[in-house]
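Me: I'm new to this one. Can you walk me through it, a piece at a time?
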Amino acid sequence: MNAQTKIEVKNLSKHYGNVKAVNDVSFSVGDKEVLGFLGPNGAGKTTIMKILTGFHFPSDGTALIDGIPVDEKPLEVKKRIGYLPENVPLYGDLTVDEYLNFAAESHNIPKQNKETAINVSLEACALTSYRSRRIETLSKGYRQRTGLAQAILHDPPILILDEPTTGLDPNQIIEIRSLIKELGKRKTVILSTHILQEVEAICSQVLIINDGKIAAQGKPEEIAGSIKGGDTWELILKHTSAKDASNDVKEKLSALGSLTNISVNALGNQLTGAAFFIPARDDDSNTGERIFDWAVNNGLKILEMNRKKLSIEDIFVKLTKDEQESK
């Protein structure tokens, strides 16, 4: 295990009777990386998180936290992890301060360090002015902040957050995202979410899980480049041919390579619109230049050229919905 690798999962599987919730999953997360877990309901995200936090043990494979096997030394692992489950277990009749005091004792934080630890977590989560408020009187956003303050109370190097913005209003979501992004500058974070924009806003790496298996992993742009079809290019071309110009452009497009989803239509006044998927290549950064040269060589003028990259939403749908339809 590399010194910079905080989490390493190898051939991990979890069975519940005849149901395979997780099936031969392998991935790693480096120091100060924010990994986004994506997947439809029942894909296995929460099961993996519970294994990483020592609440469940794997049926097969291994999960290492700082090189420590989760199933062999779960207490040692829990010292290194801050965990925010989807349904935060808070005690509404306690004040924020009382709850964090209770959490500090649960984490075995030494008495002489407890007050400092609580103050640091309150400040990090913008809760200092709410410390004497009973939790049941807080908005859901501030209850989430309280749960997050508990997760970072013992200053763990790793945070595992399961759907941390579920049920929050837009302003609360922005606040929690900003807080997680700031924490990711000094901690390793695994973030499970259904909100695709959240991954684009926060995460440096993405892992898409479907039906208990990894459908894709890497940076969003890397995943997009590996998906068949590549990016969509849309052109408006001017040409001198007045007769059957659309078919002429369509024939000339073959010089660009094996394009897919080609659409060519006449726009009138010697203008033709063209749209197509172009396969990703090693010289992907030069694709626009390649298209421009193609137009010049074929006596066409590009009046407008737009490149539509695959979004994280496009990727998610393609890797989950398409796979379900192929079964």
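Reply: First a term: helices (H or I, at least four residues) and strands (E, at least two) are DSSP runs, numbered from the N terminus. The model is predicted, so local features need pLDDT of at least 70, side-chain atom pairs count only at pLDDT 80 or more, and totals for chains, interfaces and linings use all residues. Residues are numbered from 1 along each chain as its sequence is written, and side-chain values use heavy atoms, with hydrogens and water left out.

Me: Which residue follows helix 3, and what is its phi like?
Reply: Asn 108. Its phi is positive, near 60°.

Me: Which residues of helix 3 are buried?
Reply: Val 96, Tyr 99, Leu 100, Ala 103 and Ala 104. Buried means under 20% relative accessible area, with a 1.4 Å probe and protein chains only.

Me: What covers them?
Reply: Helix 4 and helix 5 are included in the cover.

Me: Where is Leu 127?
Reply: In the loop between helix 4 (111–124) and helix 5 (140–152). Leu 127 counts as buried because its relative accessibility is 0%.

Me: What is Leu 127 in contact with, beyond its neighbours within four places in sequence?
Reply: Leu 122, Tyr 142, Arg 145, Thr 146 and Ala 149. Contact means heavy atoms within 4.5 Å.

Me: New topic. How do strand 11 and strand 13 pair?
Reply: In the antiparallel sense, over eight bridges. Strands pair if DSSP finds at least two bridges between them. Trp 233 stands opposite Phe 276 in strand 13.

Notes:
Buried means under 20% relative accessible area, exposed over 50%, partly exposed in between (1.4 Å probe, protein chains only).
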